[in-house]
Amino acid sequence: MVHKACALSLLLGLFLSSVTQAENITSDSFFYGQSPPVYPSPEGTGSGSWASAYQKAKEFVGKLTPEEKVNLTAGISVDNGCSGNIGSVEHLGFPGFCVSDAGNGLRGTDFVSSWPSGIHVGASWNKKLAKQRAAHMGAEFRRKGVNLLLGPVVGPIGRVVESGRNWEGFSTDPYLTGALVYETVDGIQSAGVGASTKHYIANEQETNRNPGQNSQGEAVAAVSSNIDDKTMHELYLWPFQDAVLAGSASIMCSYQRINNSYGCQNSKTLNGLLKTELGFQGYVVTDWGAQHAGIAAANAGLDMVMPSSALWGGNLTTAIANGSMEASRLDDMATRIIATWYQFNQDTGIPNPGIGMPSDVSAPHVKVVGKSADSKNILLQGALEGHVLVKNTNNALPLKKPDLVSVFGYDAKGPDFLDVSLGWTQGTPATQNSTLYVAGGSGANSAAYVDSPIDAIQHQAYSDGSSIMWNFDSQDPDVDPTSDVCLVFVNSYASEGFDRPGLSDDYSDTLITNVASKCSNTVVVIHNAGIRVVDDWIEKDNITAVMFAHLPGQDAGRAIVDLLYGHANPSGRLPYTAAKQASDYGSLLHPSEPEGEYWQYPQSDFSEGEFIDYRAFDAQGIVPRFEFGYGLSYTTFKYSGLQLQKKSTPWSTYPPAAKIVEGGNPHLWDELVKVSATVQNSGSANGDEVAQLYVGIPNGPVRQLRGFEKT
């Protein structure tokens, strides 16, 4: 047995708002429910690494007619399978753009991989692995002729616990999310594909995310996320700032309103926060169909409309002619877009846009293979590290060549069919009737194969000489009393377009209880697309081990078997807080609904400020079932030698004035304190530990994550 001692260095920087003290008004009266105007839209400066790309882009745009410039700013219909397309400028050698979903892997095409989803990456707490996943995933997009990957997701961050898209993001914590989105953007773009970080900003529920109608056919606006300046900076803007720091090619604006102004025409968030305060050099693109204004949206900072625009076209050139829009705004829109083409060297060597994205994979088409053999280890390692072991009584795991393994639950089996149509689900099911390796909506991905738990268990049984029995259909199955272990596989589903119906479901809970009543060694595995409460059964004596398996991608079975049998040691940690009961999340459990006199203009007041997830549990004295950052291992770790060293960087309430760079004021990343410790494996197996640093800030949360390292 090898004992490893590692020196761990955690660097603490006080990431503050880069506004001045006079501007940093934190009362609810400062753009809480109203969004102040910020004009004009700042022009991209080509700062930092963008200098050469901007020079080339300006020369390019200078050769365009006004109509050609406008054509770059809105999608067109092309006979391919891309999520959206920008038209070509043939006389300048620009072939156009293909942009495609999603942040967890390519959707709707063949010969690509199903990667671990955002929540799985968050549970890994592994920055290096996040970058490797992103680089390999980005390479698949490039091989298939995709210029812009529509991801990663950092909004929603998880304010509303039942939100249908929380699984696409990394964590409910802005520091963890920010660290992982930085690596993800960096990795994607290292493959020569742009990243479109989304959904900007405070996009925290699916309910009423778009304008619609009530049951009487009366018009209802999209929900408004009403948020103050302090909360905006300390929670929701934080990970976007890290994405901009990493050089994100694009930011996707969201469907809902922010302080009663739609996200894709909100001059405060686009012109003020993103393009001025954070020094964003890329372009702002709408979510699909999220444009609600024409010239006003362009002046507010919107650069590109997807999938097309009925409001722009000749209207932009007319607006310039009549003085309601400056010609320089259109030039800046086109320059920002073309600059990304040069920034990622897409003017040389990239396949033609959409070449590997057939509009109909069932019809004859050229085979373009996106996946690569050198991605296999990253796919599997990514799947392994996002599992979180939360219970392991008397070392029930790992399994040691059991004679009889009994397997139960609908999630253990593979899907009845596998094609590229996976994605949208009608309605709001609590579960999916096969192993849940990715959830639904535009964040879903296409798989090269699906290795289900039962497939992998049978391969292991062959090696061990074990016998296997299973029943995937019964809620109250018979159990052979000689079973050495009973494995129960269930899941918890989510999808874009709907918020989850709850954090548990009666069918699955009853199945688990029934099996445990007949089997003294019951191990539960949950593929969960979001927080799952387990208190109806987790304390039962016969339930010896529980694994939150999240959304591991196509290697779901291989990964869970490696962990159950000890070929790999669980190293995941929760990227959220798991409560004892759903009601512990209080008013943030459910999405906001229209009510009272404002039913036509739904309002969601973020009055809790930054107190979501573990911050809220700490503030209210609520004991969770499993705290944020929790996770078990097959070994133990010892910490010693804690040291704190104050750096020579001057301390101040606000960062010193400096020229804005990508990400904002560069002093926001000054290193103020170095915290180090020695972490030693004190157990009987090799394993990885996630050291976590929390700080308390006066008049704020008693603890906030400000450093972590997986060693």
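Mentor: What follows goes through the disulfides in sequence order and then turns to the strands beside one of them. This is a predicted model, in which local features need pLDDT of at least 70 and side-chain atom pairs count only at pLDDT 80 or more, while totals for chains, interfaces and linings use all residues. Residues are numbered from 1 along each chain as its sequence is written, and side-chain values use heavy atoms, with hydrogens and water left out.

If a disulfide is taken as a pair of cysteine sulfur atoms within 2.5 Å, the count for this model is three. When the bonded cysteines are numbered in sequence order, they pair as 1-2, 3-4, 5-6.

One of these disulfides is formed by Cys82 and Cys98, whose sulfur atoms lie 2.1 Å apart. The torsion about its S-S bond is -105 degrees, and the link is left-handed. Cys82 belongs to the loop between helix 2 (66-71) and strand 2 (84-86), whereas Cys98 is part of strand 3 (residues 97-100), so the bond ties together parts that are 16 residues apart in sequence. Helices (H or I, at least four residues) and strands (E, at least two) are DSSP runs here, numbered from the N terminus. Both Cys82 and Cys98 are buried, a word that stands for under 20% relative accessible area, with exposed meaning over 50% and partly exposed what lies in between (1.4 Å probe, protein chains only).

Another disulfide is that of Cys253 and Cys264, with 2.1 Å between the sulfur atoms. Its S-S torsion is about 105 degrees, so this link is right-handed. Because Cys253 lies in strand 9 (residues 250-253) and Cys264 in the loop between strand 11 (261-262) and helix 7 (267-277), the pair ties together parts that are eleven residues apart in sequence. Cys253 is buried, as is Cys264.

Cys486 and Cys519 are joined by a disulfide too, with an S to S distance of 2.3 Å. This link is right-handed, with 100 degrees about the S-S bond. It connects distant parts of the chain, since Cys486 sits in strand 16 (residues 485-492) and Cys519 in the loop between helix 13 (506-516) and strand 17 (522-528), 33 residues apart. Cys486 counts as buried because its relative accessibility is 0%, and Cys519 is buried as well, with a relative accessible area of 3%.

Two strands are said to pair if DSSP finds at least two bridges between them, and strand 10 (residues 257-258) is joined to strand 11 by two bridges, the two running antiparallel. Ile258 has Ser261 of strand 11 as its bridge partner.

As for annotation, an unreviewed UniProt entry lists residues 100-338 as "domain: Glycoside hydrolase family 3 N-terminal"; its positions are in the numbering used here, feature names are shortened, and annotations may be inferred rather than shown by experiment. Over residues 100-338 the chain is 40% helix and 12% strand, and the end C-alpha atoms are 18 Å apart.
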